[in-house]
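Here are my notes from a first pass through this one, jotted down as I went. Have a look at the structure, then see whether you read it as I do.

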Amino acid sequence: MDVDYSAEFASDGSLLPAPSASAAAEDAVPATQQKKFRRGRVEDTDAAVLQLGEDFNSAECLFVTEVQLLLRDVRQKKIQQMGEKSLGGVFQKVYAHAEQFSRFKDDHGAQEVRRTVNRAQLAPFEAAQLANLCCEDPDEAKSLIPSLAMHIDDERLQTLLTEIQSFKKS
Amino acid sequence: MYFLKELSHTVQLHPMYFGPRMHEYVEMRLRAEVEGSCSGRYGYVVAVLHLSKMSRGRVLPNIGLADLHARYTAVVFKPFKGEVVDGIVTTVNKMGFFADVGPLQVFVSTHLIPADLNYDPNGDQPCYTSEDQLIQKGSLIRLKIVGTRMDATEIFAIGTIKEDYLGVISQ
């Protein structure tokens with residue numbers, strides 16, 4: 001099921017009494033993009049060279065730990081309101097996976113790691129992968145995230161990795 | 001990779017819901033319709049975090065239902081070719097093994113398993129073994145996605161562990 005109806009949204013938005021100009025402009029862009037998708041053109045994506053497609057190239061990436069923390073709150077609210085059965089299969093699978101592979105101790109650890117990787121000024125995808133995979137040395141990091149080699153030198157990478165390691169769950 | 005993404009969706013509303021609690025109802029419907037859904041373009045929509053904008057709604061000619069457009073921020077999961085992920089092995093057979101990465105099922109064929117890991121069907125559960133690694137049901141594994149296939153309701157991926165630093169995660 002395709003959840004994006006931005007093409008219709010744009011034509012419709014003009015009928016509303018006070019649509020903000022910026023929102024209308026925002027909607028106008030995906031309308032042209034969508035034509036391409038409707039014709040069935042498949043975009044080439046490759047994470048090794050940081051090509052995630054138009055929709056995700058600049059999207060905000062989340063670490064597994066952040067996903068777990070975000071979903072923990074959503075989960076508690078849902079269970080309180082509607083009981084455990086209201087959680088869908090996808091939600092439960094993601095939550096179980098995030099709990100299993102969450103690398104950092106708590107909210108504080110995740111925030112510190114986020115700050116650390118943001119300081120390194122990497123692409124969002126690289127930053128999230130570094131935090132998810134918790135590599136030990138630069139060679140491992142560069143082998144698992146090939147695009148890193150273009151953006152950061154070994155020395156800085158090593159300090160970054162050591163810093164990330166220090167927040168890891170024991 | 002998990003993303004925080006702003007998406008939009010249209011909810012069709014029956015006139016019986018036009019009233020003071022309409023927005024609450026729309027939010028509930030939106031969650032029911034998009035959470036857990038999967039599309040080739042955005043991958044899995046895991047959870048709606050909050051609604052940022054909701055249109056005033058427009059009654060459709062002839063049928064009386066109203067269209068409401070909502071913009072919302074959601075956690076989405078979309079796998080990419082070339083991405084390295086951690087997963088849990090679910091089934092092992094002589095063709096290879098399956099691993100779950102959240103909602104995504106990844107298949108790793110024997111051609112993409114290093115040659116020193118041999119299939120061993122004897123024993124209480126089938127596994128791949130070498131001198132220092134053991135892959136069986138429940139093992140934690142680090143793999144690289146080499147291809148994805150989008151279905152209407154699911155995404156499948158092919159993975160490899162035949163590269164440096166991939167394979168069983170020792171903890």
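**Notes on the two-chain model**

1. Start with Val46(B). Setting aside the residues within four places of it in sequence, Val46(B) touches Val90(A), Phe91(A) and Val94(A) on the other chain, along with Val75(B), Val76(B) and Phe77(B) on its own. Keep in mind while looking at these that the model is predicted.

2. Those contacts belong to a bigger picture. The largest nonpolar core runs to 82 residues, and Val94(A), Val46(B) and Val76(B) are the ones with the most contacts inside it. Strand S5 of chain B, residues 66-77, supplies the largest share of this core, with 8 residues. As a general point, nonpolar side chains in soluble globular proteins tend to be buried together.

3. Is S5(B) enclosed or open? Of its 12 residues, 9 are buried, so S5(B) is largely enclosed by the rest of the structure.

4. Which strands pair with S5(B)? S1(B) runs antiparallel to S5(B) over 12 bridges, and one of the pairs to look at is Gln12(B) with Asp67(B). S3(B) is also antiparallel to S5(B), through 8 bridges; here Ala47(B) has Val75(B) as its bridge partner. Val75(B) is also among the contacts of Val46(B) from point 1.

5. S4(B), residues 58-59, is another antiparallel partner of S5(B), over 2 bridges. Val59(B) is bridged to Ala66(B) there. The hairpin made by S4(B) and S5(B) has 6 residues between the strands, and within this hairpin Asn62(B) has a positive phi near 75°.

6. Now the contact between the chains. Chain A puts in 42 residues and chain B 40. On the chain B side, the elements that give two or more residues are S1 (2-13), S3 (43-54), S5 and S6 (84-93). S1(B) gives the most, at 8 residues. By class, this side of chain B has 20 nonpolar, 10 polar and 10 charged residues.

7. Strand pairing also crosses between the chains. S1(A) and S1(B) are antiparallel, with 3 bridges, and Glu60(A) has Leu4(B) as its partner. S1(B) therefore has a strand of each chain to look at, if you take this pairing together with its 12 bridges to S5(B).

8. Along the sequence the order is α-α-β-α-α-α-α-α-α-α. Of its 170 residues, 33% count as buried. Among the chain A contacts with a separation of 6 or more, 59% are between residues 24 or more positions apart.

9. A caution about chain A. Its average pLDDT is 79, and 74% of the residues score at least 70. Residues 1-29 of chain A, however, fall below 50, although this stretch has 42 contacts in the model beyond near neighbours in sequence. Where pLDDT is low, the predicted coordinates should not be read in detail.

10. Most residues other than glycine have a negative phi. Leu50(A) has a positive phi, near 65°, and is located in the loop between helix H2 (21-38) and strand S1 (60-62) of chain A. Tyr165(B) also has a positive phi, about 65°, and sits in the loop between strands S13 (155-160) and S14 (167-168) of chain B.

11. Last, the annotations on chain B. An unreviewed UniProt entry places "domain: RNA polymerase Rpb7-like N-terminal" at residues 8-63. That span is 23% helix and 39% strand, and its end C-alpha atoms lie 23 Å apart. UniProt, again in an unreviewed entry, gives "domain: S1 motif" for residues 78-155. The ends of this second span are 9 Å apart by C-alpha atoms, with 0% helix and 54% strand.

Conventions. Residues numbered from 1 in each chain as written. Chains lettered and ligands numbered in written order. Predicted model: local features only at pLDDT ≥ 70, side-chain atom pairs only at ≥ 80, totals over all residues. Core = buried A, V, L, I, M, F, W, Y, C linked by C-beta atoms within 7 Å. Buried ≥ 20, exposed ≤ 12 C-beta atoms within 10 Å, placed from the backbone. Helix = DSSP H or I, 4+ residues; strand = E, 2+ residues; numbered from the N terminus. Contact = placed C-beta atoms within 7 Å. pLDDT = per-residue confidence, 0-100. Nonpolar A, V, L, I, M, F, W, Y, C, P; charged D, E, K, R; others polar. UniProt positions renumbered as here; feature names shortened; annotations may be inferred.
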